[in-house]
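This briefing covers the nonpolar cores, a surface patch and the salt bridges of one protein model. The points are grouped by topic.

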Amino acid sequence: NNYLGLSSHPEVIRAAVEALEKFGAGLSSVRFICGTQSIHKDLEEKIARFHQREDAILYASCFDANAGIFEALLTPEDAVLSDELNHASIIDGIRLCKANKYRYKHMDMQDLEAKLQDAQKHRLRLVATDGAFSMDGDIAPLREICQLAQKYDALVFIDECHATGFLGPNGRGTDELLGVMDKVTIINSTLGKALGGAAGGYTTGPKPLIDLLRQRSRPYLFSNSLPPAVVGCASKALDLLMESNAIAQSMAAKTQRFRSKMTAAGFTISGKDHPICPVMLGDARLAAVMAEDMLNRGIYVIGFSYPVVPKGKARIRVQISAVHSDEDIDRCVEAFTEVGRKHGALP
């Protein structure tokens, strides 16, 4: 998930080393004792500015951020409406809360509307969805979700782990891509993918919510503070993104190059405009042998089959990175074409 190639960027590495030398390997403390240093507050401010939100709170991972928000925010009087294909961490976080739980069909707006209508009897309604779904590379219909949320007086929560840094004109994510930055209430995301690839996660949104999480969110209260080196590299990654949108723009161009060339070669690529590019093959054995052959040709891809994905939907998942050259992408397509013909996936 090193979408932008920043985990090996020399400035990002240098920032991590400088933070390590100045603040040490770790703080050996939770945030509210002595785990909050200037770098943590600076990074939270930078995250909020990047997403154009009021405030942000750091966690050890986005899994922790998802585990910590629903229980703190929602009561038995409330309702949460979750896409059926949401990430496991969202599912686990929702399990921990006592709100009334609705699960709507994947990106099905008719089903979501029906469930929002039923949820009108509850005090507060929260629609929870991945911004970009990592298994198929598809993007949530946020415009429609936000329209329904406005119609039925609901809040919108998105998990942006597979969007932050590279989707949208400036890499702000799916809400920027789809023009609804002012309509999404809460964003949870990760520092461990596009933003340097080390670790860490966060919630960003209204200041009263962030204040509540600092008092009530158990993964925040009872987990050690993020190590300084991780904070340093994530902070520098955000600096690079806010200085220029060139990396995010190059990511979009490279993704389009791979998707269009693979489609022209005769392959079916799931999702739309996302650097996660699942090459759909259907047969589990075919996916496994083709992935092995690709590896032998120097292309590092992995075959996915049941139970990771539904039966009959085996695929090879390719992930494009900004550090891939056009030549890398073309060589990958050529290798797929050769291997596909060899194993009968292409005529």
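A salt bridge is a side-chain nitrogen of Lys or Arg within 4 Å of a carboxyl oxygen of Asp or Glu. In this predicted model, the side chains of E113 and K151 form such a bridge, at 2.9 Å from N to O. E113 belongs to helix α6 (residues 109-118) and K151 to helix α7 (residues 142-151), so the pair ties together parts that are 38 residues apart in sequence.

**Salt bridges**

- By this rule the count comes to 21 salt bridges.
- E113 is partly exposed, at a relative accessible area of 21%, whereas K151 counts as exposed at 56%.
- E11 and K236 are joined through their side chains in a salt bridge of 4.0 Å, N to O. Because E11 is in helix α1 (residues 10-23) and K236 is in helix α11, this pair ties together parts that are 225 residues apart in sequence.
- E11 counts as partly exposed, with 31% relative accessibility, and K236 also counts as partly exposed, with 22%.
- A salt bridge of 3.1 Å, N to O, links the side chains of D175 and R53. D175 lies in helix α8 (residues 174-177) and R53 in the loop between α3 (38-51) and β1 (55-59), so parts that are 122 residues apart in sequence are tied together.
- Both D175 and R53 are buried.
- A network of salt bridges links R31, K41, E44 and R214.

- In soluble globular proteins, nonpolar side chains tend to be buried together.
- Here the largest nonpolar core has 81 residues, and F258, I316 and F336 have the most contacts inside it. Helix α11 (residues 228-243) supplies the largest share of this core, 8 residues.
- At least three residues of this core come from each of domain 1 (6-243) and domain 2 (246-343).
- Leaving aside neighbours within four places in sequence, the contacts of I316 include C277, P278, V279, L281, A287, M290 and A291. V301, I302, G303 and F336 are also in contact with I316.
- Another core, of 23 residues, lies apart from the largest one; among its members are I69, L73, V80 and L126.

**Surface patch**

- L295, Y300 and I302 make a nonpolar surface patch of about 350 Å².
- Y300 is in the loop between α13 (284-296) and β12 (302-304). The relative accessible area of Y300 is 68%, over the 50% cut-off, so Y300 counts as exposed.
- I302, a member of this patch, is also among the contacts of I316.

Key:
Residues numbered from 1 in each chain as written. Predicted model: local features only at pLDDT ≥ 70, side-chain atom pairs only at ≥ 80, totals over all residues. Heavy atoms only, no water. Core = buried A, V, L, I, M, F, W, Y, C linked by side-chain atoms within 4.5 Å. Buried < 20%, exposed > 50% of the residue type's maximum accessible area, 1.4 Å probe, protein only. Helix = DSSP H or I, 4+ residues; strand = E, 2+ residues; numbered from the N terminus. Domains from an automatic or database assignment. Contact = heavy atoms within 4.5 Å. Patch = residues over 30% accessible without salt bridge, like charges linked within 9 Å, V, L, I, M, F, W, Y side chains within 5 Å. Areas by Shrake-Rupley, 256 points an atom, 1.4 Å probe, with all protein chains shown as cover.
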